[in-house]
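Dear colleague,

Please find the structure below, handed over for your records.

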Amino acid sequence: MMFVTALHHLVVGLVAGSGVIMGVCAILTWLSTYITNLESSKTTLDRAAYVASIFTLVVIPLAIISGYYSSTNSGGAIFYNKFIFSGIAFGFSASYFIGRFRFGPELWRYSSLANLQMFSALFALTSIIILGSIGSKITLGESTLDILPFWPDFMNSIVINQWFSLILAIFGLISVVISLRSSSMKFYLND
Amino acid sequence: MKSRIITLSAILILLLATSSGVANPGGKGDSNRDYTCGGSCHGDPSLSSTSSAIIDVEMSSTAYSSTTTEVSVSISNLDTSDNGLVGIFLLGSKNGNGDHPEDYGWTIIQDPNGGTSNYVEVVSSENQVTVSWVLLVPEDLGVKEIYISIHHGSYYNHNNKAFIGETDAIAVNIEPIPENYPTLADGWTSPEERISGDSSTITIRTVNTESLEVYWRLSGETRSHEATVEMVADQEWEVSLPATLGDTRIEYQMVASMGDFSNIMPWLSMGTSEPYFDGTSLGANLQSISFALIILGFMVSLQSWFAPRGVKKIIDNTEEVDNSIIEYQESTTPELDEKYWSRLIKSDENPGWLWDPIENEWVADPELSKGGDE
């Protein structure tokens, strides 16, 4: 499956690129509230982060699928961690996208929402950096982040029972639906 | 202007930080390969050059058929690239195809890295490398040849060439195995690795062996220890070697005896692998999806919690509808005003006022009241 391995390397590059654009632009947009020099670029940064978040949501599943079928997947703990961090990165990227879609560019005017968006983007970016580091460990045996003294050992992983994972997934899905429905009712009542 | 300079500088730094495009500078890993990888890039004379390395090979010039023998390779005077990586081939010929020793009847019991490949990659230390293969000698009698070839990069390598070194044929005269010669069974290979902390026995199969002694030592040690050996079946032995942890390699040597004759075999080694991991692909996918949904649910709930009153959804068009109503009203007002003002009657007695005969009331004349305060 050499084609899938090469495709995986390509898609991972796209994930890293779009994830970094999303994270950096979102953080700069958040900072523009406090740094007047960035005020003029706020709209551009916000739109760039928004578009990058959409692209990230498209390429992360592709990276997961191609990684699953690539020749480097030996099924060990380090690959398990890769799947988990892919899910975390997708969750935070999706949170950023949904927040921006629901509230529009005006959300940056409200500090609580702006902080939440910034943290979503920051955690998504961090997860993608960790994903890249794990990938580097697999292919090269080392990563740039090895210099950090507190870097976790990715040769071990926390394995949750599959049924419990399924229950968690259903619980998460229900909570998303309820949150979106209740918020739409709230807006309706406010109007 | 300043920002442009900063941007251009950043782009220039990023461009300079990229590595040059050379083929597999980090190696391709251990595997079974023909001479110069089957005449690929490194076989092209325009892409390769002769290595300055000196290759010494130690191998018994005679060997008994179907017994073990060791090929020890010492490489010195190496000039490698930054990573010190050297690729070493053990070959049966230098044709560019069908060069694997197994094509000539040899069986690799163990390569220098613990596997069973004829091509291994090792990192040099102080421009030197010493490795060894343990082979099972072919059954066919007569003279057989073995070759060693190496390839590596170089620290000063502006043309990105591969440096290739090779030996002449090392001839081995294969003699018939003496009757009842104690040795390993045909097809037995050394286990490549054991799981960290695993102290289970390893199984060894032999032929013509009355007793078996096994000695072990950790990689780098000189002192050896005798292991416990138990015969579990005819010519089948279970050897207890101590458990290893981390990336430790354990080496062991077998001495097979028949009567007064003993066959001292080469040292073999065994690596340590990570413990068994019980996670499955399905579990990983489910856990990944569940984490994504839990995070999404939590963050969306927080968004709803933090959403202030008055922040409208992007799909809420109330404002546009209100604006359009106001615009409509404004567009119709001038017509109404025209009818209204046309019915009003001016009065000379009351300048500045107009009489509305329908409503029977006086209305201030806007023509006179304009700018009245000024």
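At what angle do helix α3 of chain A and helix α3 of chain B pack? Helix α3 (residues 77-103) of chain A and helix α3 (residues 281-306) of chain B pack at an angle of about 25 degrees, their axes being 8 Å apart. Because angles under 35 degrees count as roughly parallel, α3(A) is roughly parallel to α3(B). Axes are lines fitted to C-alpha atoms, for helices over the stretch in contact, and angles run from 0 to 180 degrees between N-to-C directions. Helices (H or I, at least four residues) and strands (E, at least two) are DSSP runs, numbered from the N terminus.

This is a predicted model, in which local features need pLDDT of at least 70 and side-chain atom pairs count only at pLDDT 80 or more, while totals for chains, interfaces and linings use all residues. Residues are numbered from 1 along each chain as its sequence is written, chains are lettered from A and ligands numbered from 1 in the order in which they are written, and side-chain values use heavy atoms, without hydrogens and water.

Over all chains there are six salt bridges (a side-chain nitrogen of Lys or Arg within 4 Å of a carboxyl oxygen of Asp or Glu). One of them joins B:Glu166 and B:Lys94 at 3.1 Å, N to O. This pair links distant parts of the chain, 72 residues apart: B:Glu166 is in strand β10 (residues 162-166), and B:Lys94 is in the loop between β5 (85-91) and β6 (107-110) of chain B. Another joins B:Lys144 and B:Asp140 at 3.9 Å.

Key: Parallel < 35°, antiparallel > 145°, perpendicular 65-115°, else oblique.
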